[in-house]
Amino acid sequence: MSLLQLFTATDAAPYAWSLVLAGGTVVASIIPLGAARSAANFEMKDMAAPRAMFERFPAWGKRASWAHQNSFEAFTLHAPAAVLALIAALHTGPLPRLAVTAAFLHPALRLAYIAAYVGNVPPVRGLCWATGLLCSGILYSEGLKALLNG
């Protein structure tokens, strides 16, 4: 089975995968944060107050911390949208191609967002953020339309 077949095996599969991959981006955001802690000479005593070491982070490390926090915020917006689209696809059949595209584009944009945030490229970061938010909005819209009309 090819990767494309795995991701599109059923009408609901793209939205389940979007949910999984979006969760993976939250986990991936730990990598630059861990690097920032390493650059700040993390020691076991820092476990008592890990946020207190924020001031020791280099500038990119502070951005890594903010990107990590924002990853949770983005996930809390996207996860219900993906679940709604998944439920709609299960009950009404395939959603428009736009919804499938949005489902897969969101996690990719979130990874690019983290890189742009840590790398201090504000225009790319802003574009990734806005487009990722639009992707979640599309899933909410298409999922609701399908359920209300189906």
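Counting disulfides (pairs of cysteine sulfur atoms within 2.5 Å) gives zero here. Cys-128 takes part in no disulfide, and its nearest cysteine sulfur, that of Cys-135, is 10 Å away. Likewise, Cys-135 is in no disulfide, with the sulfur of Cys-128 as its nearest at 10 Å. The table shows how these residues stand on burial, where buried means under 20% relative accessible area, exposed over 50% and partly exposed in between (1.4 Å probe, protein chains only).

| Residue | Relative accessibility | Class |
|---|---|---|
| Cys-128 | 6% | buried |
| Cys-135 | 3% | buried |

A word on the model: it is predicted, so local features need pLDDT of at least 70 and side-chain atom pairs count only at pLDDT 80 or more, while totals for chains, interfaces and linings use all residues. Residues are numbered from 1 along each chain as its sequence is written, and side-chain values use heavy atoms, leaving out hydrogens and water.

Now to the largest pocket. A pocket is an open set of points on a 1 Å grid over the protein atoms alone, with protein on both sides within 12 Å along at least five of seven lines, and its lining residues have an atom within 4 Å of a point. The largest one holds about 170 Å³ of space, a volume being the space filled by probe spheres set on the points. Its lining includes Leu-33, Arg-37, Phe-54, Phe-57 and His-68. By class, five lining residues are nonpolar, three polar and two charged. The helices α3 (30–39) and α4 (59–92) each give at least two lining residues, helices being DSSP runs (H or I, at least four residues) numbered from the N terminus. The largest share, three residues, comes from α4.

Terms used: On a 1 Å grid over the protein atoms alone, a cavity is a set of points where a 1.4 Å probe fits but cannot get out, and a pocket is an open set with protein on both sides within 12 Å along at least five of seven lines; lining residues have an atom within 4 Å of a point. Ala, Val, Leu, Ile, Met, Phe, Trp, Tyr, Cys and Pro count as nonpolar, Asp, Glu, Lys and Arg as charged, and the others, Gly among them, as polar.
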